[in-house]
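Subject: Structure for your review

Hello,

Here is the structure I said I would pass on. Please open it alongside this message.

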Amino acid sequence: MPQPITATNDFVVKFANVNGSGSASANGLFAKSILRMGVPIASRNIFPSNIQGLPTWFEVRVCEAGHMGRRGGVDMMVAMNPQTWDRDVAEIEPGGYLFYDSTRPMPKSKFRDDITVIGCPLTEITNNAYSDPRQRQLFKNIVYLGALSALLDMDVEAVKACIAAQFKGKEKLVPANFAALEMGRDWAQQNLSCPIGLQLKRADAVGDRIFVDGNQAAALGAVYGGATVCAWYPITPSTSLAEAFEKHCGRLRKDPGTGAKRYGIVQAEDELASIGMVIGAGWNGARAFTATSGPGVSLMQEFLGLAYFAEIPAVLFDVQRAGPSTGMPTRTQQSDLLSAAYASHGDTKHVMLLPEDPAECFTFGADAFDLADRLQTPVFVMLDLDIGMNDWLCEPFKWDPNRKMDRGKVLTAADLDMVAGFGRYRDVDGDGIPYRTWPGTHPEKGAFFTRGTSRDREARYTEDGGPYVDNMQRLLRKFHTARSLVPRPIAMPAKDKARDGVIFYGSTSAAMREALAALEAQGIHLDAMRIRAFPFHDDVAAFIAAHDRVFVVEQNRDAQLRTLLVNEEEIDPAKLVPVLHYDGTPITARFIQSAIADRAAAANVLPFRKATP
Amino acid sequence: MSYLPKPKLHHPKLPTNAIGLTRRDYEGAISTLCAGCGHDSISAAIIQACFNLAIPPHRVAKLSGIGCSSKTPTYFLGAAHGFNSVHGRMPSVLTGAYLANRELIYLGVSGDGDSASIGFGQFAHSIRRGVNMTYIVENNGVYGLTKGQFSATSDLGSVAKKGTVNTDQPIDLAAIAVQLGATFVARSFSGDKDQLVPLIEAALLHEGAAFLDVISPCVAFNNHPGSTKSYDYVREHNDALNRLDIMLPRQEITASYAPGEMTEVMQHDGSVLRLRKMHADHDPTDRASAMHQIMDRKAAGEILTGLIFVDPNPTALHENLGTVPAPLNALGDAELCPGAEALERVNASLR
């Protein structure tokens with residue numbers, strides 16, 4: 001048997017549960033208790049498209065060093081689901097720990113001899129203590145939390161503080177939960193060797209960071225960005241974004257005097273109607289958005305072409321999941337980039353923002369509305385299930401108190417009385433962005449007909465080739481203007497001079513940063529660039545030009561960002577090496593490190609030998 | 001549909017309405033539809049109704065889908081913003097526009113292909129949501145712009161111009177609107193201006209989802225002997241339920257009819273709908289009776305027209321949502337952005 005793993009504030013615990021058993025609440029308490037001890041964590045739910053009875057996992061990475069990506073591997077498995085026992089046991093790292101409910105004896109063949117097995121008769125304990133079946137089930141979760149707190153040497157006061165916070169407003173439930181916690185803790189202390197090699201110690205590494213999921217954050221961004229209309233259709237993993245918008249608005253957006261709503265939310269009959277409403281509202285001067293996922297974006301294609309061509313602001317939060325078709329609806333991917341970037345028939349291109357974590361979901365969530373109004377076009381905020389539905393430890397939300405909405409080029413009645421003439425699709429300023437008017441503005445001036453059919457600069461219908469081309473070229477100019485308005489990419493130079501680079505984006509970023517550090521420790525130096533928007537800023541092409549070879553790390557099969565780079569920046573495909581992870585689980589630092597190290601070693605045989613005398 | 005500017009010259013003695021505008025001020029570009037198209041008569045009726053009600057043209061938002069009918073908003077209310085959207089999707093775009101600014105008058109123009117086929121779902125959901133709008137279907141029972149295919153409102157057994165007989169059941173949009181909870185449902189005929197103009201006026205005054213099914217013969221593809229939506233057929237089979245006069249608030253009620261033939265309905269805005277009843281047993285505020293009348297006349301091979309149903313006190317989507325009285329598109333930073341301090345409180349709750 002290998003040495004049991006010993007680690008303080010740096011390990012991975014995974015809970016294997018049955019969904020609908022109430023485990024999420026106990027697992028959340030476990031995670032938050034560690035945070036309260038001042039130790040950073042990254043936690044992820046891995047759940048089925050189901051309400052009750054199927055396997056679900058919750059993975060908590062404890063990491064004082066602050067790495068927020070998935071690490072890969074499991075040091076301790078809390079195996080509460082007989083259905084998945086074999087694969088759960090198999091996943092434990094050699095020298096790791098297995099915690100399980102030992103009420104019913106298990107054959108020896110069900111275990112491994114290279115791990116430490118910790119049995120705790122959870123069912124027996126709860127059956128003895130409670131008679132109500134629901135209580136037995138719910139408190140079993142708290143009992144194992146108590147046992148874990150002893151095994152990992154958690155600060156029990158931190159756990160209790162989290163329980164108290166969880167039941168705020170329902171205080172009479174607190175003592176019963178404390179009792180269950182102590183029950184588990186006492187049993188472990190009396191019957192097991194506590195603590196084990198994995199231990200938690202109070203630290204001061206969390207700082208002022210917040211713990212929040214990306215959907216909540218993006219919805220709050222929409223509130224701060226001035227969105228007043230939300231039209232949506234339920235689809236995992238975006239549903240909680242629209243629901244969070246309603247929740248935030250309920251607290252932050254009601255008329256303080258009357259309680260009337262300064263927002264309108266409509267659950268539409270489908271995604272077509274959702275985007276139709278968003279476009280109608282955007283046309284009429286309200287800031288409007290929808291939240292959806294890949295299948296929804298597919299349904300919205302025709303309307304997105306209209307919004308692009310008729311130049312109507314719209315914001316779409318696409319919380320990506322694994323496709324194609326229904327795919328793996330509760331698993332993560334970055335696989336809607338192409339269908340969003342080029343959504344609709346004909347020649348179209350759309351702006352995309354690529355947040356890396358919930359903090360950026362908030363910022364981009366607000367920025368998207370300024371961009372959509374300024375550019376008069378749909379703007380996609382591309383989340384994914386990993387960012388959208390998992391709680392992330394991230395920088396607190398920030399807001400400049402002096403910030404004002406940028407409503408873009410909108411002419412008021414007074415403006416219309418002053419200007420010599422108005423043509424909806426004239427490029428007055430040379431940036432490709434025309435001026436618009438909202439319906440009902442002026443009794444005589446500024447009215448025009450909005451249509452998806454071709455028109456001239458004065459918004460008059462025409463099928464003449466000249467005005468059509470003129471308009472399509474202006475739309476390209478406008479898209480070029482967008483390059484300088486969207487969030488700039490962030491360059492992260494290597495410590496030593498590097499010949500190779502790496503490009504990444506979105507939820508890959510946390511794992512990528514950790515992988516970069518690990519690669520550097522291996523002697524592989526890479527300049528890195530995090531892309532934050534499409535169209536690409538000029539810095540991106542310059543970064544690629546400055547390197548022999550650039551790895552492009554993505555969570556999809558077809559290297560979709562790489563395709564956009566090749567297509568839009570005319571990059572030689574041979575120069576862009578895809579590093580792809582698309583099994584539906586969040587990408588890990590270990591995966592990136594090994595994929596890049598293998599390729600770097602294969603191609604860099606000579607330089608490495610030179611470097612080693 | 002090329003853009004044809006109209007001369008701006010007015011006859012100096014053209015009558016003006018209460019806000020000093022002439023009928024010409026409610027016109028749009030010259031129609032490019034076929035000569036004799038029923039849709040042009042409906043455009044003329046819309047112009048007349050808006051003129052009569054003295055609606056400021058720019059306070060109307062006209063929205064449509066795709067098809068011959070959906071081209072018509074170009075031909076009326078030139079001073080109003082128009083939106084020719086996507087086939088079958090006018091209702092959602094209109095719903096969004098209405099959410100953004102509850103103060104404008106929303107006029108949705110659609111066709112039978114646009115609303116009964118590709119857009120059947122959006123038609124239904126906009127009605128049941130109570131969007132405050134006037135939704136007019138210019139119903140010719142045929143796909144005109146693609147040259148003569150049956151539509152979902154084509155009657156069973158009706159014959160296409162090329163001789164095909166329709167074997168599918170027709171969708172009766174007015175009956176469905178009644179069932180879906182529309183608070184105003186009427187049917188009329190593009191060739192009956194006396195009936196149509198007051199119905200459009202009443203619909204525009206109605207503060208809820210008002211639906212108008214207007215039979216509008218297609219002279220190019222559906223005006224032949226085998227059609228049940230030709231001028232001749234509709235004239236022969238038109239069974240008017242009632243005749244409507246509108247009396248605006250503060251307007252003196254002068255018309256008088258023999259007792260027993262007339263019923264009055266006061267709408268939420270104070271306008272009075274005075275109906276000369278032609279079917280003595282129908283109460284226009286009774287939804288079940290409305291459904292019965294439609295079914296009964298259909299069984300008799302007649303086309304029921306007139307005001308079929310009205311709820312004089314409708315609730316519209318904004319009231320259901322509980323939104324502020326001001327248009328959402330008029331709210332500024334102070335009303336919309338909770339500010340940095342509130343954000344700090346949010347941050348604190350997430351630690």
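Below are some notes on one glycine and on the interface beside it.

Please keep in mind that this is a predicted model.

The glycine is Gly452(A), placed in the loop between β17 (449-451) and α16 (465-485) of chain A. Gly452(A) counts as buried because 20 other C-beta atoms lie within 10 Å, and 20 or more is the cut-off for that class. Leaving aside residues up to four places away in sequence, Gly452(A) touches Leu306(A), Phe309(A) and Ala310(A), as well as Val86(B) from the other chain.

Three bridges join β17(A) to β2 (residues 81-84) of chain B, and the two strands run parallel. Within that pairing, Thr450(A) has Phe83(B) as its bridge partner.

As for the interface as a whole, 55 residues of chain A are in contact with 50 residues of chain B. On the chain A side, the elements that each supply at least two residues include β9 (210-213), α7 (214-224), α11 (301-310) and β17. The largest share, nine residues, comes from α9(A). Sorted by class, the chain A side has 35 nonpolar, eleven polar and nine charged residues.

Regards

Terms used
Residues numbered from 1 in each chain as written. Chains lettered and ligands numbered in written order. Predicted model: local features only at pLDDT ≥ 70, side-chain atom pairs only at ≥ 80, totals over all residues. Helix = DSSP H or I, 4+ residues; strand = E, 2+ residues; numbered from the N terminus. Buried ≥ 20, exposed ≤ 12 C-beta atoms within 10 Å, placed from the backbone. Contact = placed C-beta atoms within 7 Å. Nonpolar A, V, L, I, M, F, W, Y, C, P; charged D, E, K, R; others polar. Pairing = 2+ DSSP bridges.
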